[in-house]
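Hello,

Here is the structure we spoke about. Please open it next to this message, and then read on for what turned up.

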Amino acid sequence: MIDDVQVTRKIFERYSREFLNMTQVDVVIAGAGPAGLTAARILAKAGKKVLLIERKLAPGGGMWGGGMNYPVIVIQPESKHLLDDIGIKSEDTGDGYYTADSVECVAKLLASAIDAGAKVWNAVTVEDVMIRQDRISGVVINWTGVNLTKMHVDPLTIGASYVIDGTGHDASVCTVARKKAGKLHTPSGEVEGERSMWAEVGEQTVVENTGEVYPGLVAIGMAANAVMGAPRMGPIFGGMLLSGEKAANLVLSKLK
Ligand code: 48F
């Protein structure tokens, strides 16, 4: 016999237990795009308590749609290990590129992050940061539905030793941190803004720009290029994966 009220109770009991367990974590990652998912997997596999917060219902960011909705992505050889590690099949085109199925990529990036121990909260938005002693000490969150409807509902907070901004083109965590914290570690101290599409440069700079832009706050993926004033790129994703890997290793070295 199934009792509807019991179904309600099971959901709320489990969610509240898990929510309480995640109120203080090693790393919060805002944005479950390819960069955030890769960072989450590596950090969680290393034993860190990782909370990945995704604004939309479906994690995956800009990877689902491949290029102009043709569900294929391109990566370069330097990043192939990050597909191989989690069993994503790729095709060598023989001239320095690999292709992969974009839906397979998202499914396996997400599954591997969860299997490694990362917790994913979907339909939740990071809307602000906490700052203590000139260091980011956590994030301020609310239901995405609340944000979309602009209801006046006060948010809640999650404490974290490190916050990673993986919010893509918006770089929304760095943007709010700039407003609240003062200057970032960027050329002008501001969020520089992304430049127009140039894959060759963007793919290189996205890895170079991955780093701590304010104490306790690391920018990754397209957010790193947006913050540092570097170009966007099309559906070539190797840099995003390498950025997630670099950020995870950086945070692991800092947390030691
Ligand atoms: O945009 P997204 O995929 O970021 P990424 O990992 O990868 C960029 C590529 O997809 C693509 C590209 C390819 O070369 O340039 O754009 O850097 O994923 C960002 C995720 O962050 C979520 C958003 O819904 C998306 O899934 N997001 C954005 N703002 C917030 C957020 C927020 N404030 N709180 C939580 N999630």
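Phe19 counts as buried, at 19% relative accessibility. The cut-off for buried is under 20%. Please keep in mind that this is a predicted model.

Phe19 has an aromatic partner, Tyr15. The two rings sit 5.9 Å apart, centre to centre. Their planes are 40 degrees apart, and the pair is tilted. Both residues belong to helix α1, which covers residues 4–21. They are 4 residues apart, about one turn of the helix. Tyr15 is partly exposed, with a relative accessible area of 28%.

Tyr15 also pairs with Trp121. Here the ring centres are 6.3 Å apart. The planes meet at 40 degrees, so this pair is tilted. It links distant parts of the chain: Tyr15 is in helix α1, whereas Trp121 is in strand β6 (residues 119–122). The separation is 106 residues. Trp121 is buried, with a relative accessible area of 4%.

Put together, ring pairs join Tyr15, Phe19 and Trp121 into a cluster. The count for the model comes to 3 aromatic pairs.

Next, a charge over a ring. Which ring does the charged end of Arg135 sit over? That ring belongs to Tyr162, and the charged end lies 4.8 Å from its centre.

Now helix α6, residues 172–181. Which of its residues are buried? They are Val173, Cys174, Val176 and Ala177. Looking down the axis of α6, these buried residues fall within an arc of 165 degrees, so they line one face of the helix. Just after α6 comes Gly182, which takes a positive phi of about 100 degrees.

Last, a pair of helices. Two packed helices are described by the angle between their axes and the distance between the axes. The pair here is α2 (residues 34–45) and α9 (residues 238–255). Their axes come within 7 Å and cross at roughly 40 degrees. An angle under 35 degrees would count as roughly parallel, and 65 to 115 as roughly perpendicular. α2 and α9 are therefore oblique to each other. The crossing of α2 past α9 is right-handed.

Then turn to α6 and look down its axis to see the face lined by its buried residues.

Best wishes

How values were computed. Residues numbered from 1 in each chain as written. Predicted model: local features only at pLDDT ≥ 70, side-chain atom pairs only at ≥ 80, totals over all residues. Heavy atoms only, no water. Buried < 20%, exposed > 50% of the residue type's maximum accessible area, 1.4 Å probe, protein only. Helix = DSSP H or I, 4+ residues; strand = E, 2+ residues; numbered from the N terminus. Arc of directions from axis to C-beta. Phe/Tyr/Trp six-rings, centres within 6.5 Å; stacked < 30°, edge-to-face > 60°. Lys NZ or Arg CZ within 6 Å of the ring centre and 35° of its normal. Axes fitted to C-alpha atoms, helices over the stretch in contact; angles between N-to-C directions. Parallel < 35°, antiparallel > 145°, perpendicular 65-115°, else oblique. Left-handed = near helix turned anticlockwise from the far one by under 90°.
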